[in-house]
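Please read the following report alongside the sequence and the three-dimensional model. It is written for a reader who wants the geometric criteria stated together with the values.

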Amino acid sequence: MNYQSTRGGQKDITAAGAIKQGIARDGGLFVPESIPRLTPALLEELRGKDYCGRAESIMALYLTDFSPAEIAACVNGAYGGDAFDHPHKAPLTRLDHGLYVQELWHGPTGAFKDMALQMLPQLMSASVEHTGEHDHIVILVATSGDTGKAALEGFRDVPGTSIVVFYPAEGVSQVQQRQMITQRGKNVHVIAVEGNFDDAQNGVKRIFADGELRERLAKNGIRLSSANSINWGRLLPQIVYYVSAWLDLLNEGAIQEGDSINLAVPTGNFGNILAAWYARAMGLPVHKLICASNANNVLTEFLHTGHYDRKRPFTKTLSPSMDILISSNLERLLYELSSRDHVRVQGWMSDLQIKGEYQVEEDVRQRLGDLFVAGWADDFTTRQAVRDCWEEYGYLLDTHTAVAWHIYREYSVKSGDKHPAVIVSTASPYKFADSVAAALPGASLPGHDEFQCLYDLQAFSGCPIPAPL
Ligand SMILES: *Cc1c(COP(=O)(O)O)cnc(C)c1O
């Protein structure tokens with residue numbers, strides 16, 4: 001299986017090459033040249049496997065230049081140790097008949113980014129070895145808060161790599177900032193950027209696109225790569241947990257073979273929900289992909305109208321990891337939905353860069369509308385969702401997951417859609433303890449800071465604070 005750029009400038013790149021490089025030379029993103037099938041027989045085989053076994057089989061479909069032993073070593077390095085505090089890695093919790101939450105935050109930093117960022121350094125090291133190069137890899141990361149810490153944890157002291165994280169000085173929570181600037185490791189660097197996440201991400205993208213810089217670094221044995229979800233090696237491990245969720249529902253008897261489910265995903269950069277799209281494209285029975293946004297609702301508008309318009313105020317919300325106006329991974333989806341028309345993709349992306357907006361044509365808009373349900377929630381509604389879920393189910397949602405919970409509820413009431421649903425939970429409620437506590441009457445005392453709120457929330461809910469936090 002080879003990889004190609006969404007902008008047509010590179011093709012026939014091996015998986016190892018695509019992972020090592022991160023982003024394509026023409027500014028596009030690498031995508032697999034075909035999408036492998038999850039046949040009923042394969043799903044049946046995966047059903048009996050644990051999370052690591054499922055990860056090995058699914059990743060092998062995309063990493064055809066890796067040996068089974070190499071893939072097994074990567075999976076073991078990522079999920080085999082004690083970095084995750086739950087044996088199922090991505091467990092489902094049942095809230096109600098046909099309503100589940102998939103907890104993707106049992107890794108070392110309390111956010112779903114760990115699912116991919118524990119794996120990416122493994123894939124990166126293996127890819128470098130594979131291509132017989134001895135360059136020092138410098139990972140550049142722009143973060144809205146959660147990626148930074150998860151990437152630092154994943155890459156710290158990984159031989160042959162260094163990592164530099166750029167975060168928006170005013171855009172991350174105290175817990176997130178503290179997590180990053182206290183990072184241990186000999187190869188880690190953390191830099192605050194004046195601006196918001198998009199400024200940080202644009203800066204990093206400019207560095208990658210700078211050919212002169214690339215040559216100068218190469219002369220000194222240094223090669224830049226990315227740990228943002230523009231790297232295929234980050235997206236791939238995320239496909240696994242969607243397949244795993246469906247298999248778990250099957251094993252539980254909540255669904256029968258072939259039954260479709262709905263997936264509701266709190267969305268920012270469009271990486272997580274794109275992985276769900278890939279799982280569906282591979283043949284996983286998924287009915288609707290529910291794309292949940294906060295007040296930075298550029299994706300809601302786009303999925304409804306086909307008009308992407310980043311020219312709007314950037315809003316800081318209670319779900320800061322979704323405070324994004326340029327959702328990079330959308331480019332991969334547009335490539336697929338335009339029947340891989342890289343000329344059209346180039347046009348849209350250059351409109352976005354120059355005019356700050358683009359409009360897809362009716363064929364693409366219709367395909368988007370068939371697959372996705374989109375909605376957004378403001379901070380008031382998000383708080384209310386945290387409270388409602390606690391009162392109805394005794395289950396604590398973080399402020400990102402709460403957005404998805406609300407959009408799902410709104411959709412299911414309005415549409416009457418009865419497919420079993422999985423709400424994808426992207427962070428531990430403790431990662432955003434002050435916002436969660438503030439949403440629950442009586443949970444904490446006014447004036448308590450983020451750190452005191454952790455303990456307040458624990459005393460209030462009886463759920464233990466994850467050890468890493
Ligand atoms: C990163 C993040 C998101 C958004 O995920 P994308 O893949 O960027 O769409 C949502 N919730 C949390 C907690 C996150 O850290």
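Predicted model: local features only at pLDDT ≥ 70, side-chain atom pairs only at ≥ 80, totals over all residues.

Residues are numbered from 1 along each chain as its sequence is written, and side-chain values use heavy atoms, with hydrogens and water left out.

**Overall fold**

The protein chain holds 20 helices and 14 strands, where helices (H or I, at least four residues) and strands (E, at least two) are DSSP runs numbered from the N terminus. Its C-alpha atoms fill a box of roughly 60 × 45 × 45 Å along the principal axes.

Six strands make up an open sheet of mixed pairing, in the order 3-4-14-9-10-13, where two strands count as paired if DSSP finds at least two bridges between them. Strand 3 (92-96) and strand 13 (372-376) are at the edges with a single partner strand each, so one side of each has no neighbour in the sheet. Neighbouring strands of this sheet are turned by 25° against each other on average, direction ignored; axes are lines fitted to C-alpha atoms, for helices over the stretch in contact, and angles run from 0 to 180 degrees between N-to-C directions. Strand 9 (residues 261-266) runs parallel to strand 14 (residues 421-425) and is joined to it by three bridges, with Val 422 of strand 14 as the bridge partner of Leu 263. Helix 12 (residues 271-281) packs on this sheet, touching strands 9, 10, 13 and 14 (contact means heavy atoms within 4.5 Å), and its direction makes about 170° with that of strand 10.

A further open sheet has four strands in the order 7-6-5-8, with parallel pairing. Its edges are strand 7 (188-193) and strand 8 (222-226), each with a single partner strand, so one side of each is left without a neighbour in the sheet. The twist averages 20° from one strand to the next. Five bridges join strand 5 (residues 136-142) to strand 8, and Ile 137 has Arg 223 of strand 8 as its bridge partner. Helix 9 (residues 197-209) packs on the sheet, touching strands 5, 6, 7 and 8, at about 150° to the direction of strand 5.

**Around helix 10**

At the start of helix 10 (residues 211-219), a side-chain oxygen of Asp 210 comes within 3.1 Å of the backbone nitrogen of Glu 212. Just after the helix, Gly 221 has a positive phi of about 75°.

**The ligand site**

Among the 15 residues around the ligand, those that come nearest are Lys 113, Asp 146, Gly 268, Asn 269 and Thr 426, a residue being near if one of its heavy atoms lies within 4 Å. The table gives polar contacts, that is, pairs of N or O atoms within 3.5 Å; within protein, one atom must be able to donate a hydrogen and the other to accept it, and residues adjacent in sequence count only if both atoms are side-chain atoms.

| Protein atom | Ligand atom | Distance |
|---|---|---|
| Lys 113, polar side-chain atom | oxygen | 2.6 Å |
| Gly 268, polar backbone atom | oxygen | 2.8 Å |
| Thr 426, polar side-chain atom | nitrogen | 2.8 Å |

The protein covers 97% of the 390 Å² of accessible area that the ligand has on its own, with areas from the Shrake-Rupley method and a 1.4 Å probe.
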